[in-house]
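Work through these exercises with the model open in your viewer. Each task is followed by a stepwise solution.

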Amino acid sequence: METPDCGILYLVATPIGNLADLSFRALDVLRQADCIAAEDTRHSRPLLEHYGIATPLLPLHEHNEDRTAPRLVERLLRGETIALISDAGTPLISDPGFPLVRLARQQGIRVIPIPGACALVAAISASGLPTDRFSFEGFPPRTSSARKSMLQSLADDPRTLIFYESSHRTLDFLKDLAEVFPAQRPVAIARELTKLYETIVNSTAGEAAALVAAGPHMQKGEFVILIAGADPAQAPRDSLTDEQQRVLGFLLEECSVKTAASLCARITGARRELAYQAALQLKRENDAG
Ligand code: SAM
């Protein structure tokens, strides 16, 4: 039930690079609100100045939102109109605002989204990967071991997987991806969307790290990484195919278990863990005579 006579909380999407990606409706709301709650007021000022918006700003970020949200809800209950924006894109999408929206809705306050730019939606729509089902995974864990186990848990998911990643971790993420996912799995990298150096490239789990490493500019800017889901027609195998086993056998004659497994995964598309287990087994059999 909405509370009559109270104000409205607007969630206003702002551009993710190109300042022109702000809707007419967003402009109206930002001009007419009693205040704008912004993730970083210094960051948002140039955008607001660009559009001649003089509405008072107040900060709402991850370090103060738990104590600021109740104060904003009080203002909304008194009848004020508040617009929430983040540094870029849609508020609450890997951005602050969840405690405020939850509390506002619990209090029966009307919450109105003003849709607009969102990096994940822009990226998947242009990626060439399936869009019928997808799973937005936000930012991956920062340590390689946590990242790999997260990737492992998603390797058989049939939905397109979407990640946000910062420029200085993108290469490490793609290296981990190559170790965990089948080498042939399609990957798309969307970089600097809506900006001057916008780049959207298609690759595979096995090749994407090399592609990013090769171009120095490919390690700069903002990234969305997309991975096609597992083919549901191919149930996850729990053993190597005969061909994969044959390739692994040759590789083991020349390399260590770890290298043979890694190369086998890259060459044949076998799951790396499966190749590793098979290589261990084969080595044991070979050693036993
Ligand atoms: N709320 C934003 C949205 O709606 O997309 C996301 C905010 S999140 C803190 C920032 C991350 O979004 C970046 O690290 C990057 O992964 C992604 N991102 C934002 N702008 C982007 C752009 N122009 N091109 C590619 N990725 C972008």
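A polar contact here is a pair of N or O atoms within 3.5 Å. The model is a predicted one.

**Exercise 1. The ligand**

Task: find which residues are closest to the ligand, then identify the backbone atoms that lie by its nitrogen and oxygen atoms.

Solution. 
- Step 1. Select the surroundings. The ligand is surrounded by 19 residues. The closest are Thr90, Asp95, Ala119, Tyr164 and Phe223.
- Step 2. Take the nitrogen side. A ligand nitrogen atom lies 2.9 Å from a backbone N or O atom of Ile16.
- Step 3. Take the oxygen side. A polar backbone atom of Ala119 is 2.8 Å from a ligand oxygen atom. For Glu165, a polar backbone atom is 3.3 Å from an oxygen atom of the ligand.
- Step 4. Apply the cut-off. Polar contacts need N or O atoms within 3.5 Å, so the Ile16 pair at 2.9 Å qualifies.

**Exercise 2. Glu80**

Task: locate Glu80 and list what it touches.

Solution. 
- Step 1. Glu80 sits in the loop between helix H3 (65-77) and strand S4 (82-85).
- Step 2. List its contacts. Leaving out residues up to four places away in sequence, Glu80 touches Gly7, Ile8, Asp34 and Arg75.
- Step 3. Check the side chains. Those of Glu80 and Arg75 are joined by a polar contact of 2.8 Å.

**Exercise 3. H11 and its two partners**

Solution. 
- Step 1. Know what to report. Two packed helices are described by the angle between their axes and the distance between the axes.
- Step 2. Start with H9 (residues 242-254) and H11 (residues 272-287). The crossing of H9 and H11 is right-handed.
- Step 3. Name the H9 contact. Gln245, Leu248, Gly249 and Leu252 of H9 meet Ala275, Ala278, Ala279, Leu282 and Lys283 of H11. This contact holds six nonpolar, two polar and one charged residue.
- Step 4. Turn to H10 (residues 257-268). The crossing of H10 and H11 is right-handed.
- Step 5. Name the H10 contact. From H10 come Val257, Lys258, Ala261, Ser262, Cys264 and Ala265; from H11 come Arg272, Ala275, Tyr276, Ala279, Leu280 and Lys283. The tally for H10 with H11 is eight nonpolar, one polar and three charged.

**Exercise 4. H6 against H7**

Task: state the geometry of the H6 and H7 pair, then classify its contact residues.

Solution. 
- Step 1. Read the geometry. H6 (residues 144-154) and H7 (residues 167-180) pack at about 50 degrees, with their axes 9 Å apart. That makes H6 oblique to H7.
- Step 2. Assign the hand. The crossing of H6 and H7 is right-handed.
- Step 3. List the contact. H6 supplies Ser144, Arg147, Lys148, Met150, Leu151 and Gln152. H7 supplies Arg169, Asp172, Phe173, Asp176, Leu177, Glu179 and Val180.
- Step 4. Sort them. The contact of H6 with H7 divides into five nonpolar, two polar and six charged residues.

Conventions:
Residues are numbered from 1 along each chain as its sequence is written. This is a predicted model: local features need pLDDT of at least 70, side-chain atom pairs count only at pLDDT 80 or more; totals for chains, interfaces and linings use all residues. Side-chain values use heavy atoms; hydrogens and water are left out. A crossing is left-handed if the near helix is turned anticlockwise from the far one by less than a right angle, and right-handed if clockwise. Helices (H or I, at least four residues) and strands (E, at least two) are DSSP runs, numbered from the N terminus. Contact means heavy atoms within 4.5 Å. Ala, Val, Leu, Ile, Met, Phe, Trp, Tyr, Cys and Pro count as nonpolar, Asp, Glu, Lys and Arg as charged, and the others, Gly among them, as polar. A residue is near a molecule or strand if one of its heavy atoms lies within 4 Å of it. A polar contact is a pair of N or O atoms within 3.5 Å; within protein, one must be able to donate a hydrogen and the other to accept it, and residues adjacent in sequence count only if both atoms are side-chain atoms. Axes are lines fitted to C-alpha atoms, for helices over the stretch in contact, and angles run from 0 to 180 degrees between N-to-C directions. Angles under 35 degrees count as roughly parallel, over 145 as roughly antiparallel, 65 to 115 as roughly perpendicular and the rest as oblique.
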